[in-house]
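Here are a few exercises to work through with the structure open beside you. Try each task before reading its solution.

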Amino acid sequence: MKLLYGKRLFEGSYTGDLFFSMPPIETERLVLRRLEMNDAPDIFNYGRDPEVARHVLWEAYESVSESRSYIRTMQRRYRLGEPSSWGIELKSEGRVVGTIGYMWYQEEHSSAEVGYSLARDQWNRGLMTEALSAVIRHSFEVLHLNRVEAQHELTNPASGEVMKKCGMQYEGTLRERLRNKGRYVDVALYAILRSEYAARSHRR
Ligand SMILES: CC(C)(COP(=O)(O)OP(=O)(O)OC[C@H]1O[C@@H](n2cnc3c(N)ncnc32)[C@H](O)[C@@H]1OP(=O)(O)O)[C@@H](O)C(=O)NCCC(=O)NCCS
């Protein structure tokens, strides 16, 4: 099985060319684009906030070298064509305020999981809904996936709101699916199918 996880939990690697192209995607207020090394201070600025890290599987950064290391990991994935993330650049300020991208991709099932995070000073402005809608569009219209998943800890309902607003359906709760910062946590699984995306696009 070709299953790629961010932390390479499984053997085998995706050898197609789907993720070589992580083209910039422009929305009303954002540009999703490949991360560059000079984004490290911006990423450190929000990544050191324990509130931003609370419901994700990485620890809050303690130094800017940790954000450089994250960027190096993404740049290696861009080069290898592996599932990776875009930086979320705020057009009005030209700074990176978050990331969004693919956690894994299953070639034989045409499915992938999307994950994201955003600087606290930008929460509740609809920005992640804007970014996730664009990534869902890219997933179906450019990558031709059949299913896009996302999951959030039950204690992080704002993330579920983002998924719902983007047309994803709640599929169930997976008990203690993850261990986050030493505690087992329940997660809600959401997904949107190609057929649902097509019906939604048709209605608009
Ligand atoms: C979760 C996160 C991505 C949301 O991004 P955002 O840009 O603030 O999301 P949006 O503004 O598009 O939408 C948030 C929605 O959640 C709602 N919301 C906020 N806090 C809430 C809460 N405690 N309970 C329920 N809903 C909540 C908002 O009202 C809004 O819904 P509305 O537009 O209907 O009013 C952002 O808070 C974040 O990055 N958090 C830290 C990292 C993280 O948790 N990543 C996701 C891991 S699954």
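**Exercise 1: the ligand shell**

How many residues surround the ligand, and which are the closest?

Solution. Bear in mind that this is a predicted model.
- Step 1: count the shell, which comes to 20 residues.
- Step 2: pick out the closest, namely Leu118, Met128, Thr129, Ala158 and Glu161.
- Step 3: assign the shell to elements. Strand S5 (111-118), helix H4 (127-141) and helix H5 (157-165) each give at least two residues, and H5 has the largest share, with 5 residues.

**Exercise 2: one residue of the shell**

Decide whether Ala158 is buried or exposed.

Solution. 
- Step 1: find Ala158 in helix H5.
- Step 2: count the other C-beta atoms within 10 Å of Ala158, which gives 12.
- Step 3: apply the cut-off. A residue with 12 or fewer counts as exposed, so Ala158 is exposed.
- Step 4: for a sense of distance, compare Ala158 with Arg34. Their C-alpha atoms are 26 Å apart in space, and the two residues are 124 apart in sequence.

**Exercise 3: the sheet**

In what order do the strands of the open sheet run, and what is the pairing?

Solution. 
- Step 1: trace the 8 strands across the open sheet, in the order S1-S2-S3-S4-S5-S6-S8-S7, with mixed pairing.
- Step 2: check the edges. Strand S1 (25-26) and strand S7 (169-180) each pair on one side only.
- Step 3: look at one pair up close. S3 (residues 85-90) and S4 (residues 95-106) are antiparallel and joined by 6 bridges. In this pair, Leu90 has Arg95 of S4 as its bridge partner.

**Exercise 4: the core**

Which residues have the most contacts inside the largest nonpolar core?

Solution. 
- Step 1: take the largest nonpolar core, a set of 44 residues.
- Step 2: follow Ile88. Beyond four places in sequence, its contacts include Leu30, Val96, Ile100, Leu118 and Ala131.

**Exercise 5: a helix with a buried side**

Where around helix H1 do its buried residues lie?

Solution. 
- Step 1: list the buried residues of H1 (residues 40-47): Ala40, Asp42, Ile43, Tyr46 and Gly47.
- Step 2: look down the axis. These residues cover an arc of only 165°, so they lie on the same side of H1.
- Step 3: identify the partners. The buried residues of H1 pack against helix H2 (50-53), helix H3 (64-80) and S4.

Methods
Residues numbered from 1 in each chain as written. Predicted model: local features only at pLDDT ≥ 70, side-chain atom pairs only at ≥ 80, totals over all residues. Near = placed C-beta within 6 Å. Helix = DSSP H or I, 4+ residues; strand = E, 2+ residues; numbered from the N terminus. Pairing = 2+ DSSP bridges. Core = buried A, V, L, I, M, F, W, Y, C linked by C-beta atoms within 7 Å. Buried ≥ 20, exposed ≤ 12 C-beta atoms within 10 Å, placed from the backbone. Contact = placed C-beta atoms within 7 Å. Arc of directions from axis to C-beta.
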